[in-house]
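I opened the notebook to look up a few places in this model. My entries follow the structure.

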Amino acid sequence: MIREHQTTDSVGTGRNWPLYGAAFATALSLGICWTAMPFVLTAIGGTETHVGYALAGNSLAYMAALVFAGSLLGHLDVRWATRLATTIALIAAVMMVAAVFGSGRQGTSDGRAWIWMIIAAGGCGGAAMALFWPFLMSWVSAHFEGLELNRQLGRYNGSWSSGGLIGPVIGAWLVEQNPIWPMVAAVVCFVASLALLGLARNNTGHTDETTRPGPVAEPPQNGRSLAAYRWMSRVALFCAWASQAIVRSQFALLFVALGHSEAQFGIYYAVFALCNFLSLTTSGRWAFWHFKLAPLLMGQVMLLAALLMMIYGRTLSVFVISAIVLGLPFGFAYSSHLYYGVSTSRNRSARMTIHEMVISIGIVTGAGTGGHLARHVGPYAPYWFAVALIGLGLIAQLAIHFTSSCRAARRQTS
């Protein structure tokens, strides 16, 4: 049995290595680009509102494209869909390079046009990713179930999160040299991703192909319990990404305003990404958290603690601790919803589209509202907004669990 598991495991890893590489390269590109984005926009005359619009526009376009892709394009071949998405994202990154270059040549008089060109390119790239991440996740997880599904998703999560770990450091360092260099680096990474996708083999047959159980199984859960944990993890995922969108779009500016440098923000975000990476890989390696309420609630509490550190902290050491406290539950929220969402599902591309939709709604809510609050209310208003969201999320999770437990108790007594 052990030999059979190892053989299946190594075959799955060998088959999927170009996909893991493509996930890494794409996440690296996005990490470089969007970590540098607040500084790039302000360098060419943008405001806090433009910074919020850029991230919100990227996610809103992604969300709208997910609806279209999930309802009409679920039948597409995964290899064709992911390569098309990467090509479009590559073109959008080239547009950003052109906008920064054009702004530098023509001065600040036409700065607004170049700012909106970057925001539009970000939206185009975001829409393209609707054909990338759900299809890539479906490609990676095809034919696996149970604990083996958890391991495959863990490797995939480790791949993209390691790109997210390195990207912020590179992006923050490059933007200090010149605002154009992060955009150029994003282009190079998309080229690498496209090359890796060309090496991958399509062994799924179809993105909504029925999955078969893996060699390692875990005790099955009833449908009602699975539905409850899906919704509780969905709430956690929304809260985590709304908070992270505020941190990524607004905290960069507050961080520098408090006397720290862009490079130090890159270190701050790298600490967050490292903890996210560790949480994702640990969650994918071990299954002790499956169908347990406490880890979900603890994650929400840790998000609250991280935000309060950002509100009341002033020193780099406090902010680094907040990055640790934020990164661990962020990674767990992603892993838990991904696992609960696709478990026992026959149409994984559709389930993963829902997963990405929740992320997009969280980013749009956090980035859009955060930018407006920072501009018109005050620099700390976005973080109090996130605190309120997480508090409501905790109440919603407890209500879902209580309702599910009561229904299960009534069924047992009847």
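Is Ser-29 buried or exposed? I found Ser-29 buried, because its relative accessibility is 1%. Buried means under 20% relative accessible area, exposed over 50%, and partly exposed in between, with a 1.4 Å probe and protein chains only.

I noted how to read these entries: the model is predicted, local features need pLDDT of at least 70, side-chain atom pairs count only at pLDDT 80 or more, and totals for chains, interfaces and linings use all residues. Residues are numbered from 1 along each chain as its sequence is written, and side-chain values use heavy atoms, with hydrogens and water left out.

**Ser-29.** I placed Ser-29 in helix α1, residues 2-43. Helices are DSSP runs (H or I, at least four residues), numbered from the N terminus. I then looked up the contacts of Ser-29, setting aside neighbours within four places in sequence: they are Ala-186, Cys-189 and Phe-190. Contact means heavy atoms within 4.5 Å.

**Gly-259.** I found Gly-259 in the loop between α8 (223-257) and α9 (262-285). Gly-259 counts as exposed because its relative accessible area is 63%. From Gly-259 to Leu-316 I read 57 residues in sequence and 9.7 Å in space, C-alpha to C-alpha.

**Positive patch.** Which residues form the positive surface patch? I listed Arg-224, Arg-407, Arg-410 and Arg-411. Patch residues have over 30% relative accessible area and no salt bridge, with like charges joined within 9 Å and nonpolar side chains (Val, Leu, Ile, Met, Phe, Trp, Tyr) within 5 Å. A salt bridge puts a side-chain nitrogen of Lys or Arg within 4 Å of a carboxyl oxygen of Asp or Glu. Helix α13 (residues 381-413) gives the largest share of the patch, three residues. Arg-411 lies in helix α13 and is exposed, at 57% relative accessible area.

Terms used: Areas by Shrake-Rupley, 256 points an atom, 1.4 Å probe, with all protein chains shown as cover. Lys, Arg positive; Asp, Glu negative; His and termini not counted. Charge placed at Lys NZ, Arg CZ, Asp CG, Glu CD. Helix = DSSP H or I, 4+ residues; strand = E, 2+ residues; numbered from the N terminus.
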